[in-house]
Every structure is written in C-alpha cells, then in structure tokens.
Amino acid sequence: MVQPLVLAMGNHKGGVAKTSSTLALGEAAVAGGLRVGLIDLDPNCTLTETLEPPDQDAAGSKDLLRDDDRALTLADCLTPAGEQWSGIKVCLSDPLLSNREYDLSGIASEGRLRQAIYAQPVGLDLIIIDLPPARSRIALAGLVAADMVVIPTTASTYSTRSMSQMFDDFLPKARQFNQALKIAGVVVTKFAGRAEERRVLGELVAAYGELVLEPTIPRHEIVATAFESLHLPLRQMHDGYATKVAESYSELLPRILAVAGTSIKQLRKAKANR
Ligand SMILES: Nc1ncnc2c1ncn2[C@@H]1O[C@H](COP(=O)(O)OP(=O)(O)O)[C@@H](O)[C@H]1O
Ligand SMILES: [Mg+2]
C-alpha cells in the first residue's frame with residue numbers, strides 16, 4: 001500500500017500564514033493532479049471555515065485524538081470540502097478540539113494522530129496538517145504524525161524568534177517520538193520587500209542557508225479577501241495578485257516535495273498504481 005506524504009505547517013506564532021499556506025499548497029497540489037487531505041488541528045477552526053465542508057457534523061480532528069475506544073481513524077474523519085475546493089478533503093476542527101489537550105497526557109498519546117492516519121488506507125496522495133499557534137500537545141501530535149514540517153514565518157523579528165524556538169526545542173521534542181521527521185524548510189510569507197523585511201530575510205539566509213526556501217510568498221491583501229471573506233481558492237479570484245501568490249505556492253510545492261525525495265509526478269504515479 002502506498003502511503004500519502006504528510007506535511008505539517010508549524011510555527012507557534014499566530015498570523016504567519018500557516019493556514020493560508022495550507023490552503024494555497026493544497027490548491028497547488030490539486031492543480032498538479034493530486035488527491036489532497038487537509039487536517040485542521042487548530043481549535044480556532046479557520047481552515048475548516050474557509051473550506052466550507054457541506055457536512056458540518058462530520059467527524060473530525062477531535063474524534064481522532066480521543067483518549068478512549070471511541071477514537072476514530074483518519075479514513076472515518078475525512079469529508080469533502082465545499083464544491084469550490086474540488087479535489088480537497090478535510091478533517092475538520094471544532095472548538096471542542098481544545099479539550100483534547102488534556103486527553104493527550106496519557107502514555108503514547110503523542111503517536112495518536114499518526115496511528116489514526118496509518119490505520120486504514122485514506123485514498124490520498126498528500127496530507128497537510130495545519131498546526132495550532134501553540135507549543136501544545138495537540139501540535140506535538142501533529143508533528144509526530146508528519147513526514148516533514150514546513151515552517152512559515154514572516155520576515156519580522158518576533159516571527160523568526162518563535163521559528164528559531166521551534167528548531168531549538170519543539171522539533172527535537174517531536175523527534176523523540178518521530179525520529180524520521182524532516183524539516184522541509186522555512187517559507188517566508190507575506191513578504192512586501194520593505195527594507196526591514198529584506199534585512200531579516202538576509203539574517204535568516206545567513207543562519208539557515210538552504211533551509212530558507214524560494215520563492216518568498218508576496219504580500220497581497222487579496223489573499224485575506226479570498227480565504228477569509230469569500231472562502232475561495234486563489235485561482236478562482238481571477239485577479240493578477242491572487243494569481244501571483246498562487247503561482248509562488250505552485251513553485252514552492254515541488255521544492256518541498258524534493259526534500260522528501262519525491263515529486264508531484266511520482267505521487268501521481270503512486271496513485272495510478274494503487
Ligand atoms: N500572502 C499574503 N498576503 C497578505 N496577507 C496574507 C498572506 N498570507 C496570509 N495573509 C493573511 O495574514 C493573516 C494570517 O494568516 P493565517 O494564514 O491565518 O496565519 P496563521 O495560520 O499562521 O495564524 C490572515 O489575515 C491572512 O489572510
Ligand atoms: Mg492558522
């Protein structure tokens with residue numbers, strides 16, 4: 001059985017475009033012909049809200065992370081996103097997900113999401129996990145479930161500081177439970193090219209070298225309009241700036257996959273063999 005590649009979008013700072021990057025990379029993967037699943041691990045539910053799944057009562061991430069024999073597998077917790085997001089399935093979040101923070105204190109609970117993903121075939125090529133803006137047990141379970149972590153950050157001192165804390169303590173902690181966890185790289189988001197942003201970007205490249213992925217993602221207000229107000233994929237905005245941002249993510253996706261030693265073509269081929 002061919003398993004999907006699992007990415008996690010992680011940075012415990014809010015507002016660095018984890019959710020937007022999850023959506024835009026998902027959109028890019030669908031454009032490349034992949035079957036995509038997005039897991040919302042944030043009790044704020046912004047990913048779920050944007051994807052507008054018609055079945056709002058479907059089982060979701062809170063059901064994956066239960067601490068009893070009613071825990072479900074991912075195959076049972078995927079529901080189609082709204083029709084504008086064709087090709088995307090979502091494991092939806094719920095404000096009650098925050099209660100799972102307490103459930104995840106038991107033995108081997110760090111691996112619960114990972115088990116839920118691999119328990120049964122899910123018929124997906126790529127899974128992207130949108131992590132909450134916290135160094136919580138839920139976030140840890142997300143990292144333990146992933147093959148690779150992608151770290152979005154804005155080119156600002158506070159965001160890069162929380163990013164470097166990820167490298168220093170949270171990723172090593174996740175590796176205690178998932179030794180194979182790779183770092184895909186750092187994605188610089190919402191980049192407007194101001195002098196201060198360029199300075200911080202220079203520092204990032206000096207400190208992390210090739211881990212800083214190209215291209216940077218340009219800042220355009222239309223992204224908020226697309227995702228937050230209209231709940232639409234960037235390509236459906238039919239707007240030059242939205243298309244530019246969509247294309248930046250489409251350029252980024254193969255570079256992320258390359259770190260995992262795969263490509264869109266290979267993931268598609270794996271699907272044909274299934
Ligand atoms: N490329 C971009 N240009 C402009 N605004 C963006 C861009 N990407 C994301 N945003 C906006 O930035 C805010 C935070 O993004 P979000 O994805 O919710 O971050 P996080 O999930 O890390 O908290 C949102 O209002 C979002 O619409
Ligand atoms: Mg978010």
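Visitor: How many residues surround ligand 1, and which are the closest?

Guide: Quick housekeeping: this is a predicted model, where local features need pLDDT of at least 70, side-chain atom pairs count only at pLDDT 80 or more, and totals for chains, interfaces and linings use all residues. Residues are numbered from 1 along each chain as its sequence is written, while chains are lettered from A and ligands numbered from 1 in the order in which they are written.

Now the ligand. Ligand 1 is surrounded by 20 residues, with K18, T19, S20, V223 and A224 the closest; a residue counts here if its C-beta atom, placed from the backbone, lies within 6 Å of the ligand. Two elements, helix 1 (18–31) and helix 9, each give two or more residues to that shell. Helices are DSSP runs of H or I, at least four residues, and strands are runs of E, at least two, numbered from the N terminus. Helix 9 gives the most, with four residues. Sorted by class, the shell has eight nonpolar, seven polar and five charged residues. Nonpolar means Ala, Val, Leu, Ile, Met, Phe, Trp, Tyr, Cys and Pro; charged means Asp, Glu, Lys and Arg; the others, Gly among them, are polar.

Staying with helix 9, the loop between helix 8 (195–208) and helix 9 (222–230) holds P215, which is joined to E214 by a cis peptide bond with omega about -5°. In the loop between helix 9 and helix 10 (240–259) you'll find H238, a non-glycine with a positive phi of about 50°. H238 is exposed, with 9 other C-beta atoms within 10 Å; exposed means 12 or fewer, buried 20 or more, and partly exposed in between, with C-beta atoms placed from the backbone.
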